[in-house]
Structures are given as structure tokens and as C-alpha cells.
Amino acid sequence: MPCPGLLVLFGSQTGTAEDVSQRLGRDARRRRLGCRVQALDSYPLVNLINESLVIFVCATTGQGDPPDNMKNFWRFIFRKNLPSTSLCQMDFAVLGLGDSSYPKFNFVAKKLHRRLLQLGGSALLPVGLGDDQHELGPDAAVDPWLRDLWEKVLGLHPLPPGLDVIPPGVPLPSRFTLQFLQEAPSTCSEDPQARDVRLIEFDIAGSGVNFTAGDLAMIQPENAASHVQRFCQVLGLAPDQCFTLQPREPDTACPAQLPQPCTVQHLVSQYLDIASVPRRSFFELLACLSPNELEREKLLELSSAQGQEALHEYCSRPRRTILEVLCDFPHSAGAIPPDYLLDLVPPIRPRAFSIASSLLARPCRLQILVAVVRYQTRLQEPRRGLCSSWLASLDPGQGPVQVPLWVRSGGLAFPDTPDTPVVMVGPGTGVAPFRAAIQERVAQGQKGNFLFFGCRRRDQDFYWEAEWQELEERGCLTLVTAFSRDQEQKVYVQHRLRQHGPLIWDLLDRQGAYFYLAGNAKSMPADVTDALTAIFQEEGGLPGPDAASYLARLQRSGRFQAETWA
């Protein structure tokens with residue numbers, strides 16, 4: 001590929017920013033531009049001053065936080081000792097991916113855009129703001145932003161003389177080649193590896209795993225055996241066949257999760273996310289590879305800008321999976337060259353679970369509270385969560401079961417001082433990290449533990465009821481419950497907070513308490529913060545703007561912390 005080169009750097013939590021970045025890389029190659037696509041934390045930051053053209057694609061997570069794979073970059077780029085001319089040679093653009101239902105919508109992208117300007121960079125475009133809440137998803141904003149971007153880039157770096165843009169229907173070379181082995185080696189590298197809510201315990205003795213309250217357990221799930229078998233049938237793959245993987249480009253690394261050599265069975269069961277809902281890029285590539293005119297025409301429609309409403313109805317709304325789409329396009333699926341499997345299907349991402357136990361209470365054990373995801377759409381087959389269903393299918397009664405698990409820091413950090421009270425609001429499975437915190441604090445002799453727990457019905461989903469009651473009797477816990485369906489008028493945790501307004505104000509304002517919130521991100525966090533600001537007004541006598549400022553100060557000082565999930 002001719003220079004100049006384009007660098008695309010992404011910060012991605014769920015894979016959307018990475019997918020958009022790979023799309024940028026493909027678009028660049030179609031325009032005859034050399035392009036590198038890397039996660040921000042895998043890029044050597046000292047080289048940034050030498051880059052002339054960089055596109056940043058950044059998601060925003062939680063309460064305006066950067067994704068895990070750009071946190072080191074985030075700390076670096078905001079160092080106060082960086083000169084204001086550090087990036088004076090750089091043309092850049094920032095594309096944000098966020099959710100407008102959160103108060104800090106695309107906060108990371110906006111803040112990064114401002115910082116790059118402060119460091120002397122030249123912006124090609126205003127910051128792009130993709131929104132998950134749009135009926136067509138982020139693409140509604142991403143598509144026009146990308147059109148403007150390529151117009152600017154081609155103005156700076158026109159196509160080489162005599163070369164045209166490679167048209168969309170022509171497949172680009174795959175990133176990897178799969179070299180099948182004629183004879184299977186003696187061994188391929190295979191490592192053993194109402195609402196249904198389960199408490200799952202792991203024996204971590206001798207594993208070196210260590211954690212404290214607020215940390216997360218990361219679990220790498222596998223695809224269901226029946227799905228793996230069906231995928232191999234549709235694509236005409238032999239599960240037992242071994243292969244080695246070779247990157248086509250020198251700066252492309254093979255996935256660390258795949259052994260060399262590897263079997264097709266291992267690739268499909270433990271790496272390819274065939275149970276995920278395909279993105280638009282999946283249809284673009286499948287259309288390029290399809291030999292069937294009718295199927296190709298439909299795939300092109302679903303991958304076009306004009307076909308995004310049809311794609312939403314076909315895929316996103318009913319949560320149709322990659323495997324199901326391939327079954328709907330059998331001629332195309334059967335013609336996929338194995339080299340393109342890693343371009344077509346994204347990798348399985350680890351799932352995060354709040355740790356629900358303390359090593360001080362249960363040494364050598366780690367517990368998580370798992371809601372097994374199962375729901376119905378208009379498709380006949382129920383939708384199932386990949387990781388929760390896989391965990392639920394494991395049967396230690398049949399012998400030891402090993403699960404790929406590691407720990408990372410979560411979004412909740414609890415005070416070390418023994419006399420600092422904590423107020424914890426954890427409806428449903430959101431109570432899990434607070435069980436770990438309460439176990440830890442009680443083991444350390446810390447009192448002042450206040451838990452607001454909510455669920456639908458006391459007799460169905462009151463998790464750890466006996467444990468909470470025993471701690472109450474010992475004077476180690478104050479428990480306030482809200483069972484929303486146990487009476488005619490629904491009662492939620494935010495109502496209980498308002499009822500205990502004087503206590504909450506006294507704890508926060510006079511006793512320096514910390515306030516924590518965990519659970520579903522849909523409406524509960526906003527309802528709880530509304531209840532808090534109302535308490536600040538009613539009990540603290542603060543006018544509306546001052547009450548909002550009071551809450552903001554708690555957030556800035558770390559005395560208000562939240563961990564929510566979709």
C-alpha cells in the first residue's frame with residue numbers, strides 16, 4: 001500500500017468502536033491508503049508525535065469513563081507536563097460512540113477532542129457523536145460523519161494517478177490465511193477450559209487470583225456445542241481439522257487466545273462469537289463473498305445506508321444471531337473461504353460480573369450472582385445470553401469444571417477508614433458487589449453499613465435474605481427493602497430513600513458517608529439521583545441548583561459511586 005499512512009486508534013468496551021475502526025481501515029484500503037488499526041493501549045504512545053493523520057474512535061462507559069483498553073492512554077494524554085505543541089504536526093478527527101440516555105453522553109470523545117486541540121493538533125472535522133438510542137443506532141450519525149471525513153482526507157491525500165477507489169463489491173484481502181494441515185499433528189493445542197438467578201462459586205485455591213470488594217470477575221464463555229456443530233455444517237467445515245494461522249500484513253498479530261496449531265472446533269467453540277447479533281460490516285463482507293445473485297442482492301441492501309431500517313427490523317430488533325443469518329443465506333455461507341472467518345465473525349468478548357463475596361469471609365472462594373438471560377422475540381427460538389447460559393449449563397456434579405476467569409478492578413472503591421458509613425443501593429442482582437463489601441467490612445469490624453435492596457417479590461427474589469437478617473440481629477447492618485410487586489402500588493428503592501431522607505442527609509452531610517449505586521442502567525440510576533437531589537432540597541434546605549452542585553461534589557470526591565449495566 002502506498003504511503004501516507006492513516007492510523008486509526010480505538011477505545012472499545014463492547015466491540016462497537018472496534019468494529020467502526022475496522023470499517024475505517026477497510027475504507028482506507030479501498031482508497032489506496034495504508035492504514036493501521038490498533039487499540040489505544042496497545043499503541044506505543046511515544047510515537048504519537050510522529051503521526052500525521054490519526055482518527056480516534058472512542059466509546060464512553062459508565063459515568064463518563066473511558067473503556068478499559070484506553071485507560072493508560074487517557075492518563076498519558078492528560079499529563080500536565082505535555083507541551084502545547086506536542087501534536088502540531090497531526091491532523092486528527094474524533095468519533096464518539098455513546099448513549100444519549102446517560103447524562104455524560106459521549107463525554108470521552110468530547111473531552112479528547114478538546115485535549116488534542118490543546119496539544120496543537122488540527123481537527124479535520126467537529127467531533128462525531130454516535131448514539132445507541134437512535135432508532136438506527138450509531139450508524140445514523142456515523143455514516144454522514146465518515147462521508148465528510150473521506151472528503152477531507154482525499155483532499156489532503158488524493159488517490160495515486162491511474163488508480164480508482166476499489167468498489168464496495170470487490171472483497172479486500174483477508175487479514176489472515178488459514179493453512180490447513182494435511183495430517184493432524186499428534187496433538188493440537190486445546191486447553192480444557194421466573195428469572196433464573198444463580199449463585200455460582202469458584203474454587204480459586206492455588207490460582208493466584210486475589211480481589212477486594214468492588215472488583216469484577218471476567219469470564220470467557222464458550223459457544224453451545226449444538227451451535228458449533230450447526231455452524232460447521234452450514235460452512236462445510238470439518239471440526240477436527242487442524243490449521244495454522246498466518247497474518248498477511250507484518251504489523252498484524254495473530255490472536256493470543258488461539259493456539260498454534262488449532263482445530264476448527266477450538267476456533268468456533270472458544271473464539272468466534274457466532275451467537276452475537278451481526279453488525280453492518282458483517283453483511284458488507286458476506287455480500288462481497290457471496291456467489292449467489294439473489295442472496296448477494298439482499299445482503300447488499302442490508303449493508304447499504306438506505307437499508308439500515310430493514311437491517312434493524314431483520315437483525316437488531318429480534319436479536320437474530322450470526323449463526324441464524326448464515327442459515328438464512330446458505331449459498332453465501334457455504335462459499336465463505338476459511339481465510340475470511342476472522343474478518344467476518346468477531347471474537348467472543350469476556351463478560352464482567354461483580355464479585356459477590358469477600359476473601360475475608362470465604363477464603364479461596366469467589367462467588368458471583370448470575371441472572372440467566374433468556375427472553376422471547378418474534379423469532380421462534382428464545383434468545384439466550386451466551387455467558388450466563390454457558391455457566392448455567394456447567395455441571396460440577398459430573399466432575400471438576402474449569403472456567404477461564406480473571407479479576408480486574410471495578411468501578412466501586414470502598415473507604416479504608418473504619419468509622420466512615422456507607423450507603424449502598426442495589427436492587428436485583430445489583431446487590432452483588434455490596435454483599436462483598438458488607439462481608440469485608442464486617443470481618444474488619446466496620447459498622448455503619450446501610451443497604452437499600454429492591455426486587456419484585458419478597459418470596460421469589462430476595463437474595464441472601466437470611467444472611468442480611470443475621471447481620472441485622474448482630475447490629476452490623478441496617479437493611480431497607482422495597483418489594484415492588486408485593487402491594488398494589490409499586491414501591492422502588494428511590495421511594496425508600498425519600499422516606500428515609502433525614503437519615504440519608506445526616507449520613508452524607510454530617511457523618512461523611514459514601515453513597516454507592518449498582519444495578520440496571522435503564523432508569524433506576526436517574527430515579528435514585530433524582531431522589532437524592534430531592535433529599536438535599538427537603539432535608540438540607542438547598543435550592544435546586546445548589547442541590548445539583550452538592551451531588552456533583554460528592555461525585556468528584558468519590559463519595560458518590562455507581563456501577564450500572566445495560
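Here a residue counts as buried when its relative accessible area is under 20%, and as exposed when that area is over 50%. Keep that in mind for the views below, which all come from a predicted model.

**View 1. Asn106, a buried residue with a positive phi.** Asn106 has a relative accessible area of 0%, so it is buried. You'll find Asn106 in the loop between strand E4 (91–98) and helix H3 (107–118). Check its backbone too: phi of Asn106 is near 55 degrees, a positive value even though the residue isn't a glycine. For context, most residues other than glycine have a negative phi.

**View 2. Arg319, another positive phi, in a partly exposed residue.** Arg319 isn't a glycine either, yet its phi is positive, at about 60 degrees. Look for Arg319 in the loop that runs between helix H9 (308–316) and helix H10 (322–328). With a relative accessible area of 36%, Arg319 is partly exposed, because that value lies between the 20% and 50% cut-offs.

View 3. Most peptide bonds are trans. The one from Gln260 to Pro261 is cis, and its omega is near -5 degrees. Pro261 belongs to the loop between strand E10 (242–247) and strand E11 (262–263).

**View 4. Inside the largest nonpolar core.** In soluble globular proteins, nonpolar side chains tend to be buried together. The largest nonpolar core here has 41 residues, and the ones touching the most other members are Phe231, Leu267 and Leu326. Helix H7 (residues 280–289) supplies the largest share of this core, with 6 residues. Which residues is Leu326 in contact with, once neighbours within four places in sequence are set aside? They are Phe231, Val234, Leu235, Phe282, Leu286, Ala333 and Ile336.

**View 5. Helices H19 and H20 crossing.** Two packed helices are described by the angle between their axes and the distance between the axes. For helix H19 (residues 524–538) and helix H20 (residues 544–556), the axes come within 9 Å and cross at roughly 120 degrees. H19 and H20 are therefore oblique to each other, and their crossing is right-handed. On the H19 side, the contact is made by Thr529, Leu532, Thr533, Phe536 and Gln537. Their partners in H20 are Gly544, Ala547, Tyr550, Leu551 and Leu554. Sort the residues of this contact by type and you get 6 nonpolar, 4 polar and no charged.

Methods. Residues are numbered from 1 along each chain as its sequence is written. This is a predicted model: local features need pLDDT of at least 70, side-chain atom pairs count only at pLDDT 80 or more; totals for chains, interfaces and linings use all residues. Side-chain values use heavy atoms; hydrogens and water are left out. Axes are lines fitted to C-alpha atoms, for helices over the stretch in contact, and angles run from 0 to 180 degrees between N-to-C directions. Helices (H or I, at least four residues) and strands (E, at least two) are DSSP runs, numbered from the N terminus. Angles under 35 degrees count as roughly parallel, over 145 as roughly antiparallel, 65 to 115 as roughly perpendicular and the rest as oblique. A crossing is left-handed if the near helix is turned anticlockwise from the far one by less than a right angle, and right-handed if clockwise. Contact means heavy atoms within 4.5 Å. Ala, Val, Leu, Ile, Met, Phe, Trp, Tyr, Cys and Pro count as nonpolar, Asp, Glu, Lys and Arg as charged, and the others, Gly among them, as polar. A nonpolar core is a set of buried Ala, Val, Leu, Ile, Met, Phe, Trp, Tyr and Cys residues joined through side-chain atoms within 4.5 Å. Buried means under 20% relative accessible area, exposed over 50%, partly exposed in between (1.4 Å probe, protein chains only).
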